[in-house]
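Okay, thanks everyone. Let me put the structure up and then walk you through a few bits of it.

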Amino acid sequence: MNRNAAKKRLMFIQKEDYNFLAYNTIILLDALGCTSEDKKFKDFRKIAYLIDFINDGGDPTKFDQVQLSKIYSRAQIKKKLLHHLLIILKNKNFIGVSVNSTSHTIDLWLKKPEVPESFLDKHIFSTELSNIQSLKSAVHSLRIVTIKTLSDKIFADNNVITWEV
């Protein structure tokens, strides 16, 4: 583990901490180009499923069934945390939020001018950005795919028992 990774690991309790979820959400929105209402990330709940891949390897096909089951289960808890986090990020004006009345989802986008430029330093988050690129290759249209399709492609297609999302 390099020095930067070690420092980042000390800044939060992984996978359940608001700081961890916040920086992953911001990095993901930026990497996917979700920087305006026209290019919004549809259904914030998908982020709960993607965070482990952003940090632990990117390509879902490199995970075994047991690992995928754990990721799926932890995502259920993260959805609630993310909901609270979105309120905080919106109030700090880091993200824009809209309710999609057609799909009944909460969509979001990064207000990039409001995020400190140093935060989006590609060198600090190079591993996460690389993993997002791998994830984008494995699951096309991450920004607009439905949560059901995402769940099926990553989990159900790999024999992980899922419940209605």
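So, a definition to start: I call two rings of Phe, Tyr or Trp a pair if their centres lie within 6.5 Å. Keep in mind that this is a predicted model. With that rule, ring pairs link Tyr49, Phe53, Phe63, Tyr72 and Phe155 into a cluster, and the count comes to eight aromatic pairs.

One of those is Phe20 with Tyr23: ring centres 5.9 Å apart, planes at 80°, so that's edge-to-face. Both sit in helix α2, three residues apart, about one turn of the helix. Phe20 is buried, at 0% relative accessible area, and Tyr23 counts as buried too, at 7%.

Then there's Phe53 and Phe155. Their centres are 6.3 Å apart and the planes are at 45°, so we call this pair tilted. Phe53 is in helix α3 and Phe155 in the segment after α6, so the pair ties together parts that are 102 residues apart in sequence. Both Phe53 and Phe155 are buried.

One more ring: the charged end of Lys46 sits over Phe41, 4.5 Å from the ring centre.

Last stop, the hairpin. Strands β1 and β2 run antiparallel, joined by six bridges, and Gly96 has Trp109 in β2 as its bridge partner. Four residues lie between the strands, and His104 in that turn has a positive phi of about 55°.

Methods
Residues are numbered from 1 along each chain as its sequence is written. This is a predicted model: local features need pLDDT of at least 70, side-chain atom pairs count only at pLDDT 80 or more; totals for chains, interfaces and linings use all residues. Side-chain values use heavy atoms; hydrogens and water are left out. Two strands pair if DSSP finds at least two bridges between them. Helices (H or I, at least four residues) and strands (E, at least two) are DSSP runs, numbered from the N terminus. Rings of Phe, Tyr and Trp (its six-membered ring) pair if their centres lie within 6.5 Å; planes under 30 degrees apart count as stacked, over 60 as edge-to-face and the rest as tilted. Buried means under 20% relative accessible area, exposed over 50%, partly exposed in between (1.4 Å probe, protein chains only). A charge sits over a ring if NZ of Lys or CZ of Arg is within 6 Å of the ring centre and within 35 degrees of the ring normal.
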